Amino acid sequence: MLKEQMVVKNSTGLHARPVTSLVKLAGRYKSTIELVYNDKTIKMKSMMALLGAGVKGGSTVEIICDGEDEQAAMAEIRELFATGFGEE
């Protein structure tokens, strides 16, 4: 199991476009991938749950990857967050 803190760099937070990117990415992996925000754990394969979390720009979230391809999944998620989901 891997856990990592990440900052939502894009000013608009996790709205439809970045959430779509996260859900598509998570769907390509067998690992369980979750996002923790404000003490809520959200499955990253659920678009509605991620949108409902209301993650704002500048927020810190924790990403948890657990499974056979967790290293690759975390690396790709880290890259998405680092680039601000292409919105910076």
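This is a short tour of the model, stop by stop, with something to select each time.

Before you click: the model is predicted, so local features need pLDDT of at least 70 and side-chain atom pairs count only at pLDDT 80 or more, while totals for chains, interfaces and linings use all residues. Residues are numbered from 1 along each chain as its sequence is written, and side-chain values use heavy atoms, with hydrogens and water left out.

**Stop 1: the sheet**

Switch to cartoon view and pick out the strands. Helices (H or I, at least four residues) and strands (E, at least two) are DSSP runs, numbered from the N terminus. Two strands count as paired if DSSP finds at least two bridges between them.

Now select strand 4 (60-66) and look to both sides. With strand 1 it pairs in the antiparallel sense over six bridges, and Met6 stands opposite Val61 there. With strand 2, strand 4 pairs over five bridges, also antiparallel. Color Leu35 and you'll see its bridge partner, Ile63, in strand 4; Val36 stands opposite Glu62.

**Stop 2**

Contact here means heavy atoms within 4.5 Å; axes are lines fitted to C-alpha atoms, for helices over the stretch in contact, and angles run from 0 to 180 degrees between N-to-C directions.

**Stop 2: the nonpolar core**

Which residues touch the most other members of the largest nonpolar core? Select Ile33, Leu35, Met44, Val61, Ile63, Ile77 and Phe81, out of 26 residues in that core. A nonpolar core is a set of buried Ala, Val, Leu, Ile, Met, Phe, Trp, Tyr and Cys residues joined through side-chain atoms within 4.5 Å. Buried means under 20% relative accessible area, exposed over 50%, and partly exposed in between (1.4 Å probe, protein chains only). Helix 1, strand 2, helix 2 (47-53), strand 4 and helix 3 each give two or more residues to this core. In soluble globular proteins, nonpolar side chains tend to be buried together.

Zoom in on Ile77. Leaving out residues up to four places away in sequence, Ile77 touches Met6, Leu25, Ile33, Met44, Ile63 and Cys65.

**Stop 3: the salt bridges**

A salt bridge is a side-chain nitrogen of Lys or Arg within 4 Å of a carboxyl oxygen of Asp or Glu. The count comes to four; here are some to visit.

- Glu4 and Arg78 meet at 2.8 Å, N to O. Glu4 is partly exposed at 23%, and Arg78 is partly exposed at 37%.
- Arg28 and Glu76 have their closest N and O atoms 2.0 Å apart. Arg28 lies in the loop between helix 1 (16-27) and strand 2 (32-37) and Glu76 in helix 3, so the pair ties together parts 48 residues apart in sequence. Arg28 is exposed at 53%, whereas Glu76 is partly exposed at 29%.
- Glu68 and Lys30 come to 3.8 Å between closest N and O atoms. Glu68 sits in the loop between strand 4 and helix 3, Lys30 in the loop between helix 1 and strand 2, 38 residues apart. Glu68 and Lys30 are both exposed.
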